[in-house]
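User: I would like to learn how to read the sheet, the helix packing and the local geometry of a model. Please take the features in turn.

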Amino acid sequence: MPPREPPWRRHMPALNFDLLATRLAPVVCVLAACACATTPAGPSSVQEKIAMTEPTSTAAVNTQDVYQLNARVLTWILSVRNVNDLTAQSIATRTGLKFWFDPDNPHHFSASGKLVAPWVYVVESLSTRPGPPPHSIGFEMWVPGNKDADRTEVCIGLDHYKQPLTAAGFKSVRLVDSQSLEYWSFSNDKVAVKVHLRGKTKRYDDQLCVSKVIVSASA
């Protein structure tokens with residue numbers, strides 16, 4: 001049975017919580033009045049009713065600033081010492097992101113949400129070899145259905161990652177993938193970081209922006 005599709009892949013529109021709160025207010029008042037007429041009910045019972053209306057998916061509400069998000073991801077990467085740091089708890093501590101766990105695969109987790117429209121991001125566990133995952137963590141910024149979208153509004157340059165990683169002792173090498181797209185590999189004794197790049201205004205462009213980061217680690 002295939003794993004459940006993560007919430008961010010469904011591309012659900014964000015809820016307008018102001019509008020929702022306005023429309024729910026009369027209903028909550030009626031419920032509260034009825035409760036008072038039948039059984040004792042304090043403020044906590046009303047709060048429980050309201051909480052039940054909130055969405056369980058963080059993808060609909062977890063909107064992030066592009067630069068702050070990349071800064072927090074970098075902070076986490078620099079804290080990784082071995083495979084034990086490739087956990088949702090470790091990433092959440094450094095980034096503040098909330099993770100969703102696949103009920104059909106407890107080793108798979110992801111955090112996703114919106115950047116500047118129509119851009120979205122995802123941070124998720126990746127399994128790339130036999131044995132208990134996660135083996136790698138992927139971070140990607142993209143427009144659903146259009147990987148070659150103009151990246152001007154979300155363009156993070158290579159130096160955002162390259163300079164701090166090399167300063168921390170990572171060795172670097174420039175590489176080219178099967179689509180002739182540039183990426184950089186940074187590594188030390190335990191940790192490897194691949195930073196993938198795409199053109200700023202189209203796939204191939206003199207100006208390059210970070211599109212994806214993959215972090216791997218050994219024991």
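Predicted model: local features only at pLDDT ≥ 70, side-chain atom pairs only at ≥ 80, totals over all residues.

User: In what order do the eight strands form the open sheet?

Analyst: Strands (E, at least two residues) and helices (H or I, at least four) are DSSP runs numbered from the N terminus. Two strands pair if DSSP finds at least two bridges between them. Here the order is β1-β2-β3-β4-β8-β7-β6-β5, with antiparallel pairing. β1 and β5 (171-176) are the edge strands, each pairing on one side only. On average, neighbouring strands are turned by 20° against each other, direction ignored. For such angles, axes are lines fitted to C-alpha atoms (for helices over the stretch in contact), and the angles run from 0 to 180 degrees between N-to-C directions.

User: How many bridges join β7 and β8?

Analyst: Strand β7 (residues 191-199) pairs with β8 over nine bridges, in the antiparallel sense. In this pairing H196 stands opposite K212 in β8. K212 is also the bridge partner of E140; β4 (residues 136-142) and β8 (residues 208-217) are antiparallel and share five bridges. On to the next neighbour: β3 (residues 120-126) and β4 have seven antiparallel bridges, and S125 faces I137 of β4 there.

User: Which strands does α5 touch where it packs on the sheet?

Analyst: Contact means heavy atoms within 4.5 Å. α5 touches β4, β5, β6 (182-187), β7 and β8, and its direction makes about 20° with that of β6.

User: At what angle do the axes of α3 and α5 cross?

Analyst: Angles under 35 degrees count as roughly parallel, over 145 as roughly antiparallel, 65 to 115 as roughly perpendicular and the rest as oblique. The axes of α3 (residues 66-79) and α5 (residues 159-167) cross at roughly 25° and come within 11 Å. The two helices are therefore roughly parallel. In their contact, N70, A71, V73, L74, I77 and L78 of α3 meet H160, Y161, P164 and L165 of α5. These residues divide into eight nonpolar, two polar and no charged. Nonpolar here covers Ala, Val, Leu, Ile, Met, Phe, Trp, Tyr, Cys and Pro; charged covers Asp, Glu, Lys and Arg; the others, Gly among them, are polar.

User: How is α3 placed against α4: parallel or oblique?

Analyst: Their axes come within 8 Å and cross at roughly 130°, which makes α3 oblique to α4. R72, V73, T75, W76 and S79 of α3 meet S90, I91, R94 and T95 of α4. This contact holds three nonpolar, four polar and two charged residues.

User: What describes a pair of aromatic rings?

Analyst: The distance of the centres and the angle of the planes describe it. Rings of Phe, Tyr and Trp (its six-membered ring) pair if their centres lie within 6.5 Å; planes under 30 degrees apart are stacked, over 60 edge-to-face and the rest tilted. The count is three aromatic pairs. Among them, F99 and F109 have ring centres 5.6 Å apart and planes at 85°, so this pair is edge-to-face.

User: Where does the backbone have a cis peptide bond, and which residue has a positive phi?

Analyst: Most residues other than glycine have a negative phi, and most peptide bonds are trans. A cis bond joins A117 and P118, with omega about 5°; P118 lies in the loop between β2 and β3. S180, not a glycine, has a positive phi of about 60° and is found in the loop between β5 and β6.

How values were computed
Residues numbered from 1 in each chain as written. Heavy atoms only, no water.
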